[in-house]
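Welcome! Take a look at the sequence and the model below, and then let us walk through some of the features together.

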Amino acid sequence: MHQACALRREGHREVISFSPKVFVPVTRLCRDACGYCTFAKSPREVDSPFLSPDEILDIAHEGAQAGCSEALFTLGDHPEQRYRVAMTALEERGHKSTVGYLAEVARLVQQKTGLLVHINAGILSADEIGLMRRVSVSQGLMLESASTRLCQKGGPQYGCSSKQPHVRIEMIAAAGEQAPSDLLQLPRSVAVSHAVEERAGR
Ligand code: SF4
């Protein structure tokens, strides 16, 4: 942490910046079920597995008119791997995966609104990271914890395959390995959640 603070001071002094952003919840379905999550819903709790392109554009336009400069795409992790209804909805839109649909609607928002697209789509393969890079200016991933404690039986991430720390660390490394290509140089934000550990009394 001290080293990170020193690097930040060296590069940016004490300047704090922020980007006004509008959240675009493309889907609230998720293959995982973290015990603390207030975002993910079951198919019975949502009107449709995915927001339509028109609904997404409406949200983005409203954000742009309110002064936002960024559209933050937020969504559950690969819901089609858990819910048949999600896969069917994707197939009806001509896609085989949530990430494929995400690429379509992210490009649409970029072209129609001029907002900068930031994507938090959970665990992505190297190919998916590259695909997202073509339709966004940056991507984010929540590491949450480098310890497996939260994934153990009785923990809030028990049974959540995407929350295994090694899976997240491997994705961060994969994103870094793409950097040598100009096209794929990849601004990323990695968040570490203290709240989860603090609530667990650590
Ligand atoms: S992976 Fe994210 S969206 Fe899915 S249940 Fe966990 S916290 Fe919620």
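## Around the ligand

This is a predicted model. The shell of residues around the ligand is made up of seven nonpolar, three polar and two charged residues. Which residues are around the ligand? Among them are Cys 30, Cys 34, Cys 37 and Cys 160, along with Asp 32, Asp 77, Phe 39 and Ser 162.

## The nonpolar core

In soluble globular proteins, nonpolar side chains tend to be buried together. Here, the largest nonpolar core has 33 residues. Val 24, Val 26, Ala 71, Phe 73, Leu 102, Ala 106 and Val 109 are the ones with the most contacts inside this core. Elements giving two or more residues to the core include β1 (21–27), β2 (70–75) and α4 (98–113). The largest share comes from α4, with seven residues.

## Two paired strands

β1 and β2 pair in the parallel sense, over six bridges. One of the residues to look for is Pro 25, whose bridge partner in β2 is Thr 74. To get from β1 to β2 the chain passes through α2, and this β-α-β crossover is right-handed.

## Two positive phi values

Arg 13 is not a glycine, yet its phi is positive, at about 50 degrees. Arg 13 is found in the loop between α1 (2–12) and β1. Is Arg 13 buried or exposed? Arg 13 counts as exposed because it has 7 C-beta neighbours inside 10 Å.

His 78, also a residue other than glycine, has a positive phi near 40 degrees. His 78 sits in the loop between β2 and α3. With 23 other C-beta atoms within 10 Å, His 78 is buried.

Definitions and conventions. Residues numbered from 1 in each chain as written. Predicted model: local features only at pLDDT ≥ 70, side-chain atom pairs only at ≥ 80, totals over all residues. Near = placed C-beta within 6 Å. Nonpolar A, V, L, I, M, F, W, Y, C, P; charged D, E, K, R; others polar. Core = buried A, V, L, I, M, F, W, Y, C linked by C-beta atoms within 7 Å. Buried ≥ 20, exposed ≤ 12 C-beta atoms within 10 Å, placed from the backbone. Helix = DSSP H or I, 4+ residues; strand = E, 2+ residues; numbered from the N terminus. Pairing = 2+ DSSP bridges. Right-handed = clockwise from strand over helix to strand, strands pointing away.
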